[in-house]
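Biologist: Please give me a close look at a single part of this model. Then show me how that part sits among its surroundings.

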Amino acid sequence: MTQLLEMRGLTKTFGPVVACDGVDLSLDKGEIVGLLGENGAGKSTLVKMLFGIYEPDSGEIYFDGQKADIDDPGDAIAQGIGMVHQHFQLVPPLTVAENIMLGAETVSHAGPGAAVGVMNMAEAEAEVRELSNRFGLVVDPSAVVEDLPVGIQQRVEILKALNRGARLLILDEPTAVLTPKETDELLKVMRSLAETGVGIIFITHKLREVLAVTDRVTVLRDGKYIGSAVTADSSQESLAEMMVGRSVVLRVDKDDAEPGEPVLQVRDLRVRDDRGSDAVEGMSFEVRSGEILGIAGVEGNGQRELVEAITGIRKSEAGSIIFGTTDLTNGTPREVSEWGVAHIPEDREKDGLVDRYSVADNMVLNTYFKMPFASRGLRVQAAIRKWARRLIEKFDVRPRTITSPVSSLSGGNKQKVIVARELSAENKLIVASQPTRGVDVGSIEFIHNQLVHQRDKGKAVLLVSAELDEILSLSDRIAVVYEGEVVATLDGATATREEVGLLMAGGSSSA
Ligand SMILES: Nc1ncnc2c1ncn2[C@@H]1O[C@H](COP(=O)(O)OP(=O)(O)OP(=O)(O)O)[C@@H](O)[C@H]1O
Ligand SMILES: [Mg+2]
C-alpha cells in the first residue's frame, strides 16, 4: 500500500493545556485507522489540525507525499481532505442533490454554455446518482434533507465530501448519533469506500466498531501518542487497556434488585412530537425504588417525547404521570425537579449545560439558589467551589479546573459534568437518557457502576438508551418500545440481545 498521510510531531496547546503533544499518525491509501483515547486525549484536536480548523503550534503534515500547508477547511477540501462533523452542515430545506452540489466546483462540471450559479436539477440529480452508484452509498437525490433520518443525512455529508474529491475522510464520532442499524450500514459504507482507495480516520469510543471496521488503531493518552496496533491482533480488552492504561472491566457486576414502592407511574400516556403527530401512543409502565428499568428501542420510537413529558419539558395530551403519590402530569420542569427527579438529557449541548458558564457554575445549575450554595439570597462561592472540586475529582473530569468555561471541555468531559451533577444531588428518581454517549470506556465503567450504586441506595432509575449492550448490562427489567408503545417487558437477567433486537425492530418475541 502507498502512504496517503503522515503527521509528524503535531503539537497544540490551549493556554496551559497541551491538547496534543508531538503526536504522530500515518495512514495508507484505502486504510481505515481508528483513533482512540480517553475523553480529552486530544483526538478531535488532532483531526481539527488536519482539517485546518486549528493551526498547529508545531509539527508537519505530509499528504500524498507532499508537505501540506493547510490554513483553513477550504484549503483542506481543495487538497482532498474531507471531514464529517457531528453537527451536520447541510441546508435542511434543500434536496440531497442541491446540498451535495452546493459549494462544489460547479464550473468544472458544467458543460459549455451552462449558466454558472444556476443549478440544473436534472443534471445535478443525475450526477449525484452516478456518485452514489460509484461509491455504493444509496440516497434519493430529490429527497428533502430535513425529511431524512440522521443516518441518511450523514451519508449525504459523506457524498458531499466525496464529490469535492476527498481522498481522505475524517469521521469524528460519527456513530454517536446513529441507531445500531444505521451504524452497521455506515461501517459497510466505510469498507466500500476504503476499497476504492479512500483513507479514513475513524474516531469512536465503541470498541465493537473499532474491531469490526478498522485495519489499525492509534491510541492517544493525555495528548501523547501511546502506540499503534494492528486490529486483527487486538481485542476489546487490549484496546481498552491501551487507552486507559489499566485493565477495564467491560461487564457490570451487580446483585439482584430489591425493588420497593413505585416511584414513577406512567399510565396510558399520549404525547405528540414537534410536528404534532402522535409519538407516545398510550404507554404504561412503572419504575420502583431500587430498580433500573431500561427503555430499549430504536431512536425515534417515542423515547425522546416520553422523557420530555416526564421531565416537564413537553406537554402530554392524555394519561398521567405520577411521582410517588404526587400527580405531576404536565408539571413544570421546576416542579418535577423539586419533587426529586434528576435528568441526564440526551442533548447535552441544548438541555444539560450552559456553555459559557464555568464548570463550577454548571455543577450547581439547578441548586445554586439553595443552601449551602446560597445564603440570604447571596451565592456562597466557597461552597460552590468546594462542591465542584469534589465532583470533578470523583467523576474524573479533565482537566481538573473548575473555573474554565464548559465550552472548552472535550465532548465526553462535558457529559461527565452533567452526570456528576445529576447523580450527586438528592433525588428519588434518575432519568438517564443515553448517559454514556461520547464517553470513553473507563468512564462508561464508572458511570455504570454509579447508576447501579444509586439503585442500591434505593433510587429508581429510568434508563433510556439506544445501546443494546448498555440496556442489557444495567437493566433489571427491560421495556421495549416500538412506534410509541411498550411492546414487551422482559426480565433483564434473562433477556437476550437477539430477543430485544427483534422486538425493537417490530417483531414479536415468540417468533
Ligand atoms: N477550544 C479549546 N479551548 C481550550 N481547551 C480546549 C479547546 N479544545 C480542546 N481543548 C482541550 O484540549 C484537550 C483535548 O480535547 P479534545 O477535544 O481534542 O479531546 P478528545 O480526545 O476529542 O475527547 P472526547 O473523546 O471527549 O471527544 C482537552 O483537555 C480539552 O479540554
Ligand atoms: Mg472529541
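Modeller: Helices are DSSP runs of H or I with at least four residues, strands are DSSP runs of E with at least two, and both are numbered from the N terminus. This is a predicted model, in which local features need pLDDT of at least 70, side-chain atom pairs count only at pLDDT 80 or more, and totals for chains, interfaces and linings use all residues. Residues are numbered from 1 along each chain as its sequence is written, while chains are lettered from A and ligands numbered from 1 in the order in which they are written.

The part I pick is helix α14, residues 381–394. Start with its length. The expected span of a helix is 1.5 Å times one less than its number of residues.

Next, which residues of α14 are buried? Here, buried means that 20 or more other C-beta atoms lie within 10 Å of a residue's own; exposed means 12 or fewer, partly exposed means in between, and the C-beta atoms are placed from the backbone. By that count, Ile-384, Ala-388, Leu-391 and Ile-392 are buried in α14. Look down the helix axis: these buried residues fall within an arc of 95 degrees, so they line one face of α14. The arc is taken over the directions from the helix axis to the C-beta atoms. Turn to the other side of α14 and you find Ala-382 and Glu-393, which are exposed.

What covers the buried face? The cover includes α13 (359–363), β18 (378–379) and α15 (411–424). Contact here means C-beta atoms, placed from the backbone, within 7 Å of each other.

Now follow the chain out of the helix. After α14 comes Asp-396, with a positive phi near 55 degrees. Then comes a cis peptide bond, which joins Arg-398 and Pro-399 with omega about -5 degrees. Pro-399 sits in the loop between α14 and α15. Most residues other than glycine have a negative phi, and most peptide bonds are trans.

There is another cis bond to see, from Met-371 to Pro-372, with omega near -5 degrees. Pro-372 belongs to the loop between α13 and β17 (374–375).

Positive phi turns up elsewhere too. Asp-64 is not a glycine, yet its phi is about 55 degrees. Asp-64 lies in the loop between β4 (58–63) and β5 (66–67). Its 15 C-beta neighbours inside 10 Å make Asp-64 partly exposed. Asp-222, also not a glycine, has a positive phi of about 50 degrees. Look for Asp-222 in the loop between β9 (216–221) and β10 (224–230). With 16 other C-beta atoms within 10 Å, Asp-222 is partly exposed.

Step back to the domains. Their bounds come from an automatic or database domain assignment. The chain is divided into domain 1 (3–244), domain 2 (277–340 + 427–511) and domain 3 (350–425). The C-alpha centres of domain 2 and domain 3 are 25 Å apart. Across that boundary, 13 residues of domain 2 contact 10 residues of domain 3. On the domain 2 side, helix α16 (residues 441–456) gives the largest share, 5 residues. That side has 5 nonpolar, 6 polar and 2 charged residues. For these classes, Ala, Val, Leu, Ile, Met, Phe, Trp, Tyr, Cys and Pro count as nonpolar, Asp, Glu, Lys and Arg as charged, and the others, Gly among them, as polar.

Last, the ligand. α15, part of the cover over α14, returns here. A residue is near a molecule if its C-beta atom, placed from the backbone, lies within 6 Å of it. There are 20 residues around ligand 1, and Ala-19, Ser-44, Thr-45, Ser-410 and Gly-412 come nearest. The elements that give two or more residues to this shell are β2 (17–28), α1 (43–50) and α15. By class, the shell has 6 nonpolar, 11 polar and 3 charged residues. Where does ligand 1 lie? Domain 1 and domain 3 both give residues to its shell, so ligand 1 lies between them.

Methods:
Two residues are in contact if their C-beta atoms, placed from the backbone, lie within 7 Å.
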